[in-house]
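Visitor: Could you take me on a close look at the sheet in this model, strand by strand, and then at what lies across it?

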Amino acid sequence: METGMKLYILNGPNLNMLGIREPALYGNTTYAALIEMIEAHCKQKEIEAICLQSNHEGQLVDWIQEAYFEGADGIVINPGAYTHTSIALLDALKSTNLPAVEVHISNVAEREAFRQISYLRVACVKTIVGHGIGGYLEAIDYLADLRKDSFVCE
Ligand code: DQA
């Protein structure tokens with residue numbers, strides 16, 4: 001059990017449109033259903049999940065900082081298109097020094113050239129691409145295991 005663990009699950013622009021936007025790439029699950037799935041998974045593992053979505057870069061910066069000030073144990077982030085543009089999000093992640101996992105629903109590696117760059121990747125302990133919405137659960141499990149490992153070392 002990962003009792004007491006707190007994770008911020010952040011989604012960037014257009015991810016509120018899941019289930020509507022380009023279903024061939026992103027599937028048919030809505031954002032609301034994704035959050036239900038994440039919350040159920042976290043509840044079972046006794047992880048507190050703070051799930052937030054914004055279309056605005058500065059809001060995402062604020063939430064990354066909030067994760068630090070609220071004592072979160074890690075961040076799962078799908079930065080959407082800001083992945084490929086945002087030095088501000090990179091700097092925010094680096095500022096917190098929290099373990100972060102970058103998630104992409106689609107397989108960005110097989111998409112346009114401009115999606116091959118991730119500004120955030122160097123500040124993340126892991127990147128999961130192309131595993132659909134299951135990637136979020138993988139990211140949560142990865143962070144939970146990291147924490148368990150750190151307990152073992154103490
Ligand atoms: C995405 C991939 C990004 O390139 C895109 O801009 C998104 C979603 C994904 O989850 O596959 O908005 O992050």
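Guide: Happy to! Let's begin with a term: two strands count as paired if DSSP finds at least two bridges between them. Please keep in mind that this is a predicted model.

With that in hand, look at β4, which covers residues 100-104. Four bridges join β4 to β5, and the two run parallel. Within this pairing, Val103 stands opposite Ile128 of β5.

Now step back to the whole sheet. It is open and has five strands, in the order β2-β1-β3-β4-β5, with parallel pairing. At its edges are β2 (47-53) and β5 (126-129), each of which pairs on one side only. From one strand to the next, the twist averages 15°. In general, strands of a sheet pair through backbone hydrogen bonds, either parallel or antiparallel.

Next, the helix. Helix α3, residues 57-69, lies across β1 (5-11), β2 and β3 (74-78). Relative to β1, helix α3 runs at about 175°.

Two rings deserve a stop as well. A search of the whole structure finds one aromatic pair, formed by Tyr68 and Phe69. Their ring centres are 5.1 Å apart, with 80° between the planes. The pair counts as edge-to-face because its angle is over 60 degrees.

How accessible are these two residues? Tyr68 has 45% relative accessibility, so it counts as partly exposed. Phe69 has a relative accessible area of 66% and is therefore exposed, since the cut-off for that class is over 50%.

Methods
Residues are numbered from 1 along each chain as its sequence is written. This is a predicted model: local features need pLDDT of at least 70, side-chain atom pairs count only at pLDDT 80 or more; totals for chains, interfaces and linings use all residues. Side-chain values use heavy atoms; hydrogens and water are left out. Axes are lines fitted to C-alpha atoms, for helices over the stretch in contact, and angles run from 0 to 180 degrees between N-to-C directions. Contact means heavy atoms within 4.5 Å. Rings of Phe, Tyr and Trp (its six-membered ring) pair if their centres lie within 6.5 Å; planes under 30 degrees apart count as stacked, over 60 as edge-to-face and the rest as tilted. Buried means under 20% relative accessible area, exposed over 50%, partly exposed in between (1.4 Å probe, protein chains only).
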